[in-house]
Amino acid sequence: VRNEVVITGIGGQGIQLMAKTLALAATRSGLQAMLASEFGGEMRGGPSQASVVTDDHQLRALPILPSASSAIVMHHKHSDFALDRLEPGGLALVNSSVADPAAVRDAEVIAVPALDVARAAGAPNAGGFVMLGAYVMVRQIVSVAALGSAMRELVPPYRAQHISANLRALEAGAAQMVPA
Amino acid sequence: VTSAAPARELLDGCAAITESAIAAGCRFFAGYPMSPFTGLLENMSRRLPQVGGHCLNAESEIEAVNMALGAAAAGARAATGSCGQGLALMQEAIAELALNELPMVIVNMARNQQDYFQATRGGGWGDYRTITLAPKDVPEAVEHTQLLFHLADRYRAPVILYGDPFIAQTHVSVDVTARDLGPLPAKDWALDGSTGGTGHSRQIWTWAMGKVTDPGPGPDGHWRAIAAKFDDIARTEARSESYCIEGAETVVVAFGSAALFVEHVVDELRADGYPIGLFRPVTLWPFAGAELAAATRKARRVLVFELNAGQMLDDVRQFVHDRDTVRFIGGVSIHGSGLSFGPLLDVAPIRSRILEAAA
C-alpha cells in the first residue's frame with residue numbers, strides 16, 4: 001500500500017530527523033521508501049520540509065509530490081506547500097501546541113499537543129517524535145518499535161544522551177492515539 | 001536485523017553513487033566542494049579509505065581532474081566530479097583524457113539542465129565526445145555508475161554521469177550490488193613502472209609521436225583513429241526509452257529528472273484519454289537519433305521539455321522527420337538559491353505547458 005506524507009515545520013523542530021526515521025524504519029521493515037527534503041540555510045527558524053513516500057512494492061515517486069494523502073504540520077509557518085498538496089479529505093496531523101488545527105480545511109484533522117505531551121513525558125525537545133509515534137498509530141506504516149530502532153541508528157554518538165527521551169516521546173505520541 | 005532482512009539500504013544519491021562506484025572497483029577520487037556535488041566528495045572521502053582507495057580534496061577542479069588523470073594513467077579506476085560550473089574548468093583535461101585515451105568517470109552533479117551542450121559537445125580541443133548518461137532517479141544512477149566505469153575502460157575515454165540536485169539529495173531504498181558487465185581488455189597501456197629503465201618504457205601522449213627508436217602513429221594517424229573510435233561509439237552506444245509511444249499524437253522529449261516528471265504527466269493525461277507519450281534519451285551522447293525518428297514518425301507534434309533555454313532541442317530537430325512538428329515547452333527555471341531547479345520542474349506547470357502546446 002502506498003503512503004505519502006509531507007512533514008512541514010521550521011528549522012530546529014526535527015523535521016529532517018523525523019522524515020529520515022520514518023523512511024529508514026520503512027526500509028528496515030521491508031518497504032521501499034523515498035525521502036525528498038527541502039530546507040533553508042538558516043540554523044533555526046527557516047523553512048524545513050520533507051516528503052516521505054512508502055510502498056510495499058516497486059516505488060516510483062516524484063521528489064516534488066504533486067499530491068499527498070497526509071501531512072504532519074509541526075508549525076504553521078511555511079506550511080503552504082504541504083497544505084496545498086494535501087488531497088481533499090486527507091489526513092492532517094497538526095501540532096496543536098504551536099499551530100491552529102482549525103486553520104486546516106477540507107481534511108481529516110487530528111490535533112496532537114505535541115510539545116505538551118513531550119514535556120509531560122520528560123522529553124521537551126522531542127515533539128517531533130511525539131507526532132511520529134501518533135502518525136504511525138493512525139497510518140500503520142511501521143511499528144513504533146521500528147521507529148525507535150531507526151531513530152537509534154540515526155542519532156549520532158554525540159547525541160546518544162537523547163535516545164531514551166526520544167523513545168519516551170514516540171511511546172507517548174502513540175498513546176495519544178489509543179482510545180482511553 | 002535477521003538474515004531474511006532485505007539488502008536494501010536507505011541512501012541519498014551521493015551515497016548510493018559512491019557505493020556503486022566502489023562496487024565497480026573505483027579506488028581513486030579527487031574533487032573540490034561545490035553544491036550539490038559536495039555530498040559525493042564527502043561520501044567518497046569517508047568510504048574510499050575503508051576499501052583501500054584514496055580520495056583527495058583538491059585545491060580546485062582543475063587540480064582534481066588532473067589528479068584523477070594521473071591515477072587513470074597508472075591504471076586505477078579513477079573518477080572526479082563537480083557541478084557544470086566546475087566541469088567548465090575541467091574541459092582542457094577532459095579533452096586530454098580523450099586524446100590520451102584514458103578512462104575516467106566524471107560525475108556532473110549539476111544544479112539544473114543547462115549543462116547539456118557542455119556534456120554533449122564539450123569545450124576542449126579535438127574530435128572527441130563524451131558518453132553521457134542522464135539517470136532519471138537514484139536507482140538508475142546506481143546502474144549508470146557501474147555501466148560508465150565499464151564503458152570508460154572499454155573505450156579508454158572520459159565519460160559523464162549527468163546528475164542533478166534531486167539525484168544528489170533524494171534518499172531511496174536501494175540495493176547496490178556489483179554487476180557483471182562482461183570482460184574488458186587488459187590495461188597493458190598503463191604506466192605501472194614495470195618497464196622503467198629497459199628502454200621500452202610506456203608513453204601516454206596526445207600527439208602519439210612515440211620515440212626516435214620506436215615511432216608512434218603521430219598526430220595525423222592518432223587523431224584519425226580517435227575520430228573513428230568515437231564514430232564507432234556513436235553507432236553502438238546510444239540508449240533511449242520510449243514510454244506510451246503507441247498511438248501517441250503528442251510525443252514529449254525529456255531527459256533526467258525532468259523525464260520522471262513528464263512520465264507522471266503522461267500517465268495522468270493517458271488516464272484522461274489523451275494520446276500522449278514520452279521519449280527519453282538515456283545517453284545524451286550518443287543521441288538516439290534513429291530511435292527518436294522512429295518514435296515520432298507518426299506524431300502530430302513533438303514537444304521538447306528541458307530546464308534550459310533549448311539545448312537538447314538542437315538534437316531533437318536534427319532527427320525528427322518533420323521539423324515543423326517540434327515545439328519547445330521548457331525554459332530556464334532556477335531555485336532562488338541558484339543551486340537547484342526552479343518552479344517549472346513540477347507536475348502542474350508541465351501539464352499546463354503540454355496542454356497549451358497540444359491545444
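This tour moves from chain A as a whole to selected residues, backbone features and a pocket.

The model is predicted: local features require pLDDT of at least 70 and side-chain atom pairs count only at pLDDT 80 or more, while totals for chains, interfaces and linings use all residues. Residues are numbered from 1 along each chain as its sequence is written, chains are lettered from A and ligands numbered from 1 in the order in which they are written, and side-chain values use heavy atoms, with hydrogens and water left out.

**Chain A**

Select chain A and colour by secondary structure. Chain A contains 6 helices and 6 strands; helices (H or I, at least four residues) and strands (E, at least two) are DSSP runs, numbered from the N terminus. Along the sequence their pattern is β-α-β-β-β-α-β-β-α-α-α-α.

The C-alpha atoms of chain A occupy a box of roughly 40 × 40 × 35 Å along the principal axes.

Of the 180 residues of chain A, 53% count as buried. Buried means under 20% relative accessible area, exposed over 50%, and partly exposed in between (1.4 Å probe, protein chains only). Among the contacts in chain A with a separation of 6 or more, 58% join residues 24 or more positions apart; a contact means heavy atoms within 4.5 Å.

**A:Gln49**

Next, select A:Gln49, in strand β3 (residues 47–55) of chain A. A:Gln49 counts as buried because its relative accessibility is 13%. Leaving aside neighbours within four places in sequence, its contacts include A:Val6, A:Ile7, A:Thr8, A:His78 and A:Phe81.

**B:Leu89**

Move to chain B and select B:Leu89, in helix α4 (residues 84–100). B:Leu89 has 45% relative accessibility and so counts as partly exposed. Not counting residues up to four places away in sequence, B:Leu89 touches B:Glu61 and B:Ile62.

**Backbone features of chain B**

Show the backbone of the following loops.

- B:Pro36 lies between β2 (28–31) and α2 (38–47); the peptide bond from B:Ser35 to B:Pro36 is cis, with omega near 5 degrees.
- B:Pro286 lies between β14 (283–285) and α10 (289–296); the peptide bond from B:Trp285 to B:Pro286 is cis, with omega near -5 degrees.
- B:Glu101, in the loop between α4 and β5 (104–109), is a residue other than glycine with a positive phi, near 60 degrees.
- B:Cys244, in the loop between β11 (240–243) and β12 (250–253), has a positive phi near 55 degrees and is partly exposed, with a relative accessible area of 30%.

**The second largest pocket**

Finally, select B:Asp137, B:Val138, B:Pro139, B:Glu140 and B:Val174, the closest to the centre of the second largest pocket among its 29 lining residues. Elements giving two or more residues to this lining are β2 (32–39) of chain A and, in chain B, α6 (138–155), α7 (165–169), β8 (171–174) and α9 (256–271). Helix α6(B) gives the most, with 6 residues.

Definitions and conventions. 1 Å grid on protein atoms, 1.4 Å probe; cavity = no way out; pocket = protein on both sides within 12 Å on 5 of 7 lines; lining within 4 Å.
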